[in-house]
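Subject: Structure handover

Hello,

Here is the structure for you to look over. My notes follow below it.

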Amino acid sequence: MTSVMLDEDVMRIALIVGSTRPNRSDVELETLDLRDWPLPFFAEPTPPVFTGGVFTHPLAQRWGQKIAEFDGFIICTAEYNHGPPAVLKNALDYAMKEWKHKPVSYVGYGGVGAARAIEHLRLTAIELRMAPLSLAVNIGFEAFLGVLSQGKSLDDYPYLIDARTLMFNQLVWWARALAPARAAHTLSTPPI
Ligand SMILES: Cc1cc2nc3c(=O)[nH]c(=O)nc-3n(C[C@H](O)[C@H](O)[C@H](O)COP(=O)(O)O)c2cc1C
């Protein structure tokens with residue numbers, strides 16, 4: 001279990017590997033907290049598509065190296081005015097080739113489980129040449145408030161446990177499928 005402990009009065013979010021099957025044992029979860037990656041608002045002199053995905057800002061370079069380490073992503077998102085938080089979109093913009101041909105799943109929280117923000121993020125993922133997946137964990141308002149202010153845990157909501165299991169199964173399937181494909185083909189040939 002990877003747990004993110006925020007301020008005392010802020011909801012605790014945990015990413016949990018819910019399967020105990022042996023072939024799940026090679027999954028490693030790491031939490032990337034954007035608080036630890038204070039990327040400035042995008043101000044690169046040249047769009048990354050013209051630099052081959054090379055960024056000048058030193059933190060962006062480190063961010064890209066970190067993203068390159070992974071075979072897939074679970075993006076946990078709030079919903080701000082029916083879209084993703086700007087800081088999250090900014091972090092996506094600050095890498096390019098490192099996202100490519102990797103699957104991404106979503107966990108959202110808010111009024112409708114951040115469903116509208118997740119739809120935005122899926123479109124961005126397509127442009128980044130990722131594989132955005134269909135199954136998500138949408139933490140709706142009742143569960144959101146339950147965890148935030150009624151001492152409940154996400155595991156008190158069976159629909160979230162089911163959604164989490166399905167999401168992980170789908171993500172791991174795609175991660176396993178795409179890792180050898182990335183290894184077999186260079187990322188620039190063919191230029192897709
Ligand atoms: C600028 C802003 C816009 C918001 N817009 C939405 C929204 O469109 N839909 C929604 O369900 N919640 C919205 N909320 C409420 C957030 O879901 C809620 O504040 C949540 O705690 C934000 O996540 P965070 O605390 O991790 O930033 C908004 C919050 C902020 C700060």
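First, the residue classes: Ala, Val, Leu, Ile, Met, Phe, Trp, Tyr, Cys and Pro count as nonpolar, Asp, Glu, Lys and Arg as charged, and the others, Gly among them, as polar. On that basis, the shell around the ligand divides into four nonpolar, four polar and two charged residues.

This is a predicted model: local features need pLDDT of at least 70, side-chain atom pairs count only at pLDDT 80 or more, and totals for chains, interfaces and linings use all residues. Residues are numbered from 1 along each chain as its sequence is written, and side-chain values use heavy atoms, with hydrogens and water left out.

Ligand site

The residues around the ligand are Ala78, Glu79, Tyr80, Asn81, His82, Tyr109, Gly110, Gly111, Arg116 and Phe144. Each has a heavy atom within 4 Å of the ligand. Now the polar contacts (pairs of N or O atoms within 3.5 Å). A ligand nitrogen is 2.9 Å from an N or O atom in the Glu79 side chain. A ligand oxygen is 2.5 Å from an N or O atom in the side chain of Tyr80. Taken alone, the ligand exposes 610 Å² (Shrake-Rupley, 1.4 Å probe). The protein buries 55% of that.

Aromatic pairs

The structure holds 10 aromatic pairs. Rings of Phe, Tyr and Trp (its six-membered ring) pair if their centres lie within 6.5 Å; planes under 30 degrees apart count as stacked, over 60 as edge-to-face and the rest as tilted. Phe42 and Phe55 are edge-to-face, because their planes stand at 85°, with ring centres 6.3 Å apart. Both lie in the loop between β2 (13–15) and α1 (58–68), 13 residues apart in sequence.

Phe55 is buried at 5% relative accessibility; Phe42 is partly exposed at 32%. The cut-offs: buried is under 20%, exposed over 50%, partly exposed in between (1.4 Å probe, protein chains only).

Tyr109 and Phe144 are stacked, because their planes are at 10°, with centres 5.7 Å apart. That pair links strand β4 (residues 103–109) to helix α4 (residues 141–149), across 35 residues. Phe144 is buried, at 17%. Tyr109 and Phe144 also belong to the ligand's surroundings.

One aromatic cluster is formed by Trp37, Trp63, Phe70, Phe73 and Trp99.

Regards

Methods: Polar contact = N/O pair within 3.5 Å; in protein donor to acceptor, adjacent residues only side chain to side chain. Helix = DSSP H or I, 4+ residues; strand = E, 2+ residues; numbered from the N terminus.
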